[in-house]
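Biologist: Could you walk me through this chain before I start looking at it on my own? I'd like to begin with the overall picture and then go into single residues.

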Amino acid sequence: MTNLAIVVVAYNRDESLKRLLESLRKADYLNQDVTLIISIDYSKNAKVLEIAKGFCWNHGEKKIINHTVNLGLKKHVLEVGNLTKDFDAIIVLEDDLIVSNQFYNFAVQAYENYKDDQSIAGISLYSFRVNPNNRVTFYPSTDGYDNFFLQYAQSWGQVWWKTEWDSFISWMSKKDEFLSASDYPASLDFWSKNSWLKYHILFCIENNKFFVYPKESFTGNFSEPGVHNQKKDSTFQSPFSTQMWRKEYLFSGFDTGNKYDSFFERLLPDKKLAIDNEVISTSDIEMDLYGTKANFRKPFCVSSQNLEFAILSSFGLQLKPHEANIILNVEGNQLYLYDTTKQIGKRSKSELDYCYYFKLSDYKIVWISLKKLVLDLFKIKIKDISKKLRRG
């Protein structure tokens, strides 16, 4: 019998914790005893500990870890990860989440399928429908399986186990700064220096590891105000599983399943494409449909950017998932197949109809990033600027 413990990460959000614990109480645990650990970082909100102590857990042992000094989110989560030494695996849930009835069933089955696969760094209980790198919609391709693979670690409900967690901690102990020779999404540079998650993502990239993701979310994310959130934000609320019955999930093998890199671009299966009397292998094509990559390491790429390479062909961008436009050869001038070995000058905007689908979000994310960068550089909050203006 698989011994998966549930670890709740709490700080000062008492109502959020109460909601999560209530959803945990109602979930299906396959008639197994399950240990619940509530780890509380120190804050001045005594209600959090009161709720944890008063919560009745009828599915096994309940433990409370009550820290008497403030660790901060990064150190707190890293300490939580060390609990992997005591169980087969742990399910980690931050306090502003809610779980579906069958989250534990999915977690157990996914763990049993992938625990020995060294390409897998962890299991997500959440499923993206928005690309966090640019806040544009993301649609994983359907292939008959209940999962896909994404080179992006997760914090909105995840499963960790000892071997992979130890590998991450060993790697992180040698990382003095957030720097890498590997390509990673530029948006990560604007995340807080106190983020543990961006390091876990970089760990996956540098070590060519992936997280297993479900096709539908077994957690809901309320993104309520907290350490890294200023206000409520429903941008990343994905379709939530309301399934109440047990099922056997169908998992793909790592070699046969759909895989996406950290930019949320699909790694195409190896096929041959006929382009202008030339046969190209899809393994030689780098996908950049979101237009967020700066470097291209393969001889060909398909991008929504205006790049300084020779164009071999173009496609439309009407179908979802986005790569279906390439697979089905949809006519249009929004995606371009470039030969990255032949560099030429950039075209004028009138020559290309590019990035129409992503343009608004690109501007939005650049503005958000610039605003955060300015505030970080000057260490000034907006309210402090307002006070100075009023005084002046």
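Modeller: One term has to come before the overall picture: contact here means heavy atoms within 4.5 Å. Please also keep in mind that this is a predicted model, in which local features need pLDDT of at least 70 and side-chain atom pairs count only at pLDDT 80 or more, while totals for chains, interfaces and linings use all residues. Residues are numbered from 1 along each chain as its sequence is written, and side-chain values use heavy atoms, with hydrogens and water left out.

Biologist: Fine. Among contacts between residues at least 6 apart in sequence, what share joins residues at least 24 apart?

Modeller: That share is 73% for this chain.

Biologist: And how many helices and strands are there?

Modeller: The chain has nine helices and 20 strands, where helices (H or I, at least four residues) and strands (E, at least two) are DSSP runs numbered from the N terminus.

Biologist: What percentage of the residues count as buried?

Modeller: Of the 392 residues, 53% count as buried, with buried meaning under 20% relative accessible area, exposed over 50%, and partly exposed in between (1.4 Å probe, protein chains only). The accessible surface of the chain comes to about 19,200 Å², and 51% of that belongs to carbon and sulfur atoms; such areas come from the Shrake-Rupley method with a 1.4 Å probe, and for residues only the protein chains shown count as cover.

Biologist: Let's turn to sheets. What is the strand order in the open sheet of four strands?

Modeller: The order is β17-β18-β20-β19, and the pairing is mixed; two strands pair if DSSP finds at least two bridges between them. At the edges are β17 (285-288) and β19, each of which pairs on one side only.

Biologist: In which sense do β19 and β20 pair?

Modeller: β19 and β20, the latter covering residues 335-343, pair in the antiparallel sense over six bridges, and A310 has D339 in β20 as its bridge partner.

Biologist: Changing topic, how many salt bridges does the structure hold?

Modeller: The structure holds 18, a salt bridge being a side-chain nitrogen of Lys or Arg within 4 Å of a carboxyl oxygen of Asp or Glu. One of them joins the side chains of K18 and E15 at 3.6 Å, N to O, and both residues lie in helix α1 (residues 14-26), three residues apart, which is about one turn of the helix.

Biologist: What about E164, which residue does it pair with, and is it buried or exposed?

Modeller: E164 forms a salt bridge with K209, and the closest N and O atoms are 3.2 Å apart. This pair links distant parts of the chain, as E164 is in helix α5 (residues 162-172) and K209 is in the loop between α6 (197-206) and β11 (210-214), 45 residues apart. E164 counts as buried because its relative accessible area is 7%, and K209 is also buried, at 10%. Elsewhere, salt bridges that share partners join R13, D95 and D96 into one network.

Biologist: D96 again: which residues does N221 contact?

Modeller: Leaving aside neighbours within four places in sequence, N221 is in contact with D96, L97, W156 and Q237. N221 is found in strand β12 (residues 219-221) and counts as buried at 1% relative accessibility.

Biologist: And where is F236?

Modeller: F236 is in the loop between β12 and β13 (259-260), and its relative accessible area of 10% makes it buried. Between F236 and T137 the separation is 99 residues in sequence and 9.9 Å in space, C-alpha to C-alpha.
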